[in-house]
Amino acid sequence: MGYPHPSHPGETVVLSKYFGDAAARSFEGWVKRGGYEALKRALAMTPDAIVEEVKNSGLRGRGGAGFPTGLKWSFMPKGDGKPHYLVCNADESEPGTFKDREIMRWTPHGLLEGCAIAAYAIGAERCYIYIRGEFTEPLRVMTGAVEEAYAAGALGPNVFGSGRRIDVVIHRGAGAYICGEETAMMNSIEGKRGNPRIKPPFPAQAGLFGVPTTINNVETLSAVPHIINRGAAWYKGLCLGNPKSTGTKLISVCGHVQRPGNYEVTMGTPMKGLIFEMCGGMRPGRTLKAVIPGGSSVPIMNAEEVDRCLLDYEGVIACGSMLGSAGMIVMDDSTDLVYQIMRLTKFYAHESCAQCTQCREGTAWTSRILERILAGQGKPEDMQLLLDLADNMTGKTICVLSDSCAAPVVSGIQKFRGEFEAYLQGRRSPAMAGV
Amino acid sequence: MSQDLVNVTIDGLQVSVPKGTMLIEAAKQAGVLVPHYCYHPSLPSPAVCRMCLVEVEKAPKLLPACVTAVADGQVVHVDSPAAKKAREGVLEFLLINHPLDCPICDQSGECELQDYTFQEGRPGTRYSEYAKRYNPVEDFGPDVLYVPNRCILCTRCVRFMDDVAGTPVLCVAERGDRAFIGIDPDHLLEHPWAGNVVDLCPVGSLISKDFLHKARVWDLDKTASICTGCSQGCNVTVDTRDNTVVRLRPRANLDVNRHFICDTGRMNYRWMNRGDRIEAPLVREAGRHLATDWDAALDRFAGLVRKGGKAVLLASAGASTESLGLLKGLLREFDLTAVVQVPAGEEAPLRGVPNLALRRERAPNGDGAALLGYGSDWERAIQAAGHADLVVVVNVELTGAEAAVIASARAVVVLGTIESQQLPQAELVAPITSVAEESGTFVNRDRRVQRYLQARTAAGMARPAWWVAAETQALVAPAAGVPATSAQAFDLLAETVPGLGGLSYATLGLTGRIAGAAEAAAAGAPR
């Protein structure tokens, strides 16, 4: 973690090593800590060798989908004569997730270094960093870092005398959650409404401004310099669970734990250990009820699933959810899950881009039904209706926002059915109605 | 020309379609309509309505037929339980915020939401407890009203203005179920082709002020016709209610106007309902025009034709090819000057469709006249008319000066639709039918010969001008084979007029053929 608390011995500190170290923010401070060595080393390698190294490291996308990063880079066409673009997805808006914010606040040059290496590897001369509009401090820090990097020759027309041009442009978002979806982000950068695009064509064929584009998450790109410095084998060795999940993962823990914050753990660390040891467990007298492990868009886990879950891509899937962006929302037994699920669906109803019918109408309708249940006016058939709507909203739209709204509803009804029934049967008094 | 063909099976029917065809179009060829809202063959596909989701074997989930290209050996199910459930879901979602105001909605009867809901929607609602989204009606421009409550956000209108008209004044505003179509308040739908958004709208959200509450569409008779506004020759449908033309709509012809017409053409129909029509033949007796029957009128005309000499034929370029052809044939023994009048106006192109514009030449059959040997030097023809033995004026409005020049001709015959006092000395005023009241052909600026059909009954005793010519001809020189229909009149021309050879109403169909194409094909020459 590093900030605001010192790191826990159970953490594997790679990306978060300098969290809280204000001196690491400057170019000089970063270089003193070994920064930009990886970029210099990378520039001496061929792009293919870098891609191969990242492939071998087993690094997977940290934004949520977990797609192998090296493989993604290898999709970029070679010798096509077109400009290529790298987009760094810093539009961290997933409820419960706040890891990229810390990376940008404390180690902006680490991210820039990763961007430069990735841009070089995919044949791009320009990288856009799309920063969430509400991130005022990260924006200020990143903007300063870009200026410093240009002044020091780490970015610009001739990066460290290599003859390579790498430009970084910071693009500030305007507050739409959906712009964190990679194709919506490309539209947004182009100055259009942030609506997700249909795939195909995939970004590697026709992305930003219609040319081959790679989009990577802040955490993914920040991990790249470490892989270049310390080698793929080292990174691959950071694995306690399934060998397909390697490296470290920043987990943003929030909710009913004693010490919320960002925890960097080796892939495969038990979730139980994270919550009950590193985070200090529940508040006194409380027990764990549920966890949403991957940002609000994934299914809810119950205490039994948390108990046996390993924190890697496969481990969380095996326990009925997804690692996602690893924004972990921990809820104890004081939580009204029906209310929590209603709040989540209201978020998605507010953020739906309004393109696809199922999402535009379904998210709003779902939240209205849940509000009605909370107000004590639910009907016995409402649970079946919610499940049917969720079915109609899943796997049928351009992006997965609609699926994300359905996931907590379905898992909530499956795993916490009693809480819904309590409202429907009048055993629980109308709570929070109209909130 | 070899094209890569791909075989697909759609609902058990096999079709071969060119590689790259989208499933929705391939299904059309198999005779299967995939229900859809946002897809339109003349617009880019955003795949947002999600209505056209179909089941493709071996695909992990349902695929939108509008943006999924065919693949060889693909097996597609439009009518499968999964696809039907998805459509039922979309219909339900669309209807939760859609008012059930069909009884007062102009779209009712030609509404795709209504149609598909009847076809496969849920019989009841599960959304009964909540108020529907409400936004007041907005004025979107000269002829368009926006009723946001009915809007299903298919974005056809937005894409038309963005990608086809090239004037992006519409947008989707807001997010989630609060979304609606927004408009640039400084630039309403003033584009000369903006009225098409009314036709494109699959529901009653964008409606025409001109047609507002005018008629229920199921009461309308629909007739295939050609717009008379300019030389483009856009294909239109004339909608009539009880013999009154109530609106014009574009009729699809991918080679001429795709799915669009301009607003000028759209509004160019009120004259078809004019009441001040010439309803009976008028012959000049003792300085006055007296109504008579056709026998007497044709006798008078034949008498003038028999005299011979110098003749001037002044015709509107809005007259049919048949009329222009047979009238010129009637006067063939004369020393004849035949011209058509082509009014001029502002050109207004539709940027997104090549070779489509409201044309400067504001007449539908200028090229038909040219094909028949008509000239266009109107001024000289008027001067010649001053000392002609016979002047025949066909449905043109003359200026006072022109009428004064013509007054000194030896004899004048007027074939007209509207009562006029301009040529009191005319020997004969014969009532002819308007475009809406006859069938015939026009030749557009690309030499495409196109048919139009009769949409309403003729006023009084009015007859097509070709009929007047043919019957008069029969009196002048009796012969067999006097044409009784416009089709026969066209066949007569096809025998003699270069360019029309090999064409007939049957081969023209309702989308037309290029003049000369059939002759070239018959001669085996590459065109």
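## A walk through a predicted two-chain model

Let us start with a pair of helices in chain A: H14(A) passes H15(A) in a left-handed crossing. Keep in mind as you look that this is a predicted model.

Which residues of H14(A) and H15(A) make the contact? From H14(A) come Val338(A), Tyr339(A), Ile341(A), Met342(A), Thr345(A), Lys346(A), Tyr348(A) and Ala349(A). From H15(A) come Thr363(A), Ala364(A), Thr366(A), Ser367(A), Leu370(A), Glu371(A), Ile373(A) and Leu374(A). Sorted by class, the contact of H14(A) with H15(A) has ten nonpolar, four polar and two charged residues.

Helix H6 (residues 108-122) and helix H9 (residues 218-230) of chain A have axes that come within 7 Å and cross at roughly 80 degrees. That angle makes H6(A) roughly perpendicular to H9(A). On the H6(A) side, the contact includes Gly110(A), Leu111(A) and Ile117(A), while H9(A) brings residues including Val218(A), Pro225(A) and Ile228(A). The classes in the contact of H6(A) with H9(A) are nine nonpolar, three polar and one charged.

Let us step back to chain A as a whole. Its domain assignment gives domain 1 (22-237), domain 2 (248-332) and domain 3 (337-424). How far apart are the C-alpha centres of domain 1 of chain A and domain 3 of chain A? They lie 35 Å apart. These two domains do touch: ten residues of domain 1 of chain A are in contact with seven residues of domain 3 of chain A. The side that domain 1 of chain A turns to domain 3 of chain A has seven nonpolar, two polar and one charged residues.

Chain B is next. Here the domain assignment gives domain 1 (5-91), domain 2 (129-273) and domain 3 (282-522). The C-alpha centres of domain 1 of chain B and domain 3 of chain B are 49 Å apart.

Chain B also lets us look at sheets. Strands of a sheet pair through backbone hydrogen bonds, either parallel or antiparallel. One open sheet of chain B has five strands in the order E2-E1-E5-E3-E4, with mixed pairing. Strand E2 (13-18) and strand E4 (63-64) of chain B stand at the edges with a single partner strand each, so one side of each has no neighbour in the sheet. Inside this sheet, strand E1 (residues 5-10) and strand E5 (residues 74-77) of chain B pair in the parallel sense over three bridges. To see one such bridge, look for Ile10(B), whose partner in E5(B) is Val76(B). Helix H2(B) lies across strand E3 (53-56) and E5 of chain B, and runs at about 165 degrees to E3(B).

Another open sheet of chain B has three strands in the order E11-E12-E13, with antiparallel pairing. Strand E11 (221-226) and strand E13 (244-250) of chain B are at the edges, each with a single partner strand, so one side of each is left without a neighbour in the sheet. On average, neighbouring strands of this sheet are turned by 30 degrees against each other, direction ignored. Strand E12 (residues 235-241) of chain B runs antiparallel to E13(B), and six bridges join them. Across this pair, Val238(B) stands opposite Leu248(B) in E13(B).

Chain B has a helix pair to explore too. Helix H8 (residues 321-330) and helix H12 (residues 465-476) of chain B pack at an angle of about 25 degrees, with their axes 7 Å apart. That makes H8(B) roughly parallel to H12(B). H8(B) passes H12(B) in a left-handed crossing. Among the residues in contact are Leu326(B) and Leu330(B) of H8(B) and Trp466(B) and Ala469(B) of H12(B).

Finally, how do the chains meet? The contact takes 25 residues from chain B and 26 residues from chain A. Helix H2 (residues 81-96) of chain B gives the most to the side of chain B that touches chain A, with six residues. By class, that side of chain B has 16 nonpolar, three polar and six charged residues.

How values were computed. Residues are numbered from 1 along each chain as its sequence is written. Chains are lettered from A and ligands numbered from 1 in the order in which they are written. This is a predicted model: local features need pLDDT of at least 70, side-chain atom pairs count only at pLDDT 80 or more; totals for chains, interfaces and linings use all residues. Helices (H or I, at least four residues) and strands (E, at least two) are DSSP runs, numbered from the N terminus. Ala, Val, Leu, Ile, Met, Phe, Trp, Tyr, Cys and Pro count as nonpolar, Asp, Glu, Lys and Arg as charged, and the others, Gly among them, as polar. Domain bounds come from an automatic or database domain assignment. A crossing is left-handed if the near helix is turned anticlockwise from the far one by less than a right angle, and right-handed if clockwise. Two strands pair if DSSP finds at least two bridges between them. Axes are lines fitted to C-alpha atoms, for helices over the stretch in contact, and angles run from 0 to 180 degrees between N-to-C directions. Angles under 35 degrees count as roughly parallel, over 145 as roughly antiparallel, 65 to 115 as roughly perpendicular and the rest as oblique.
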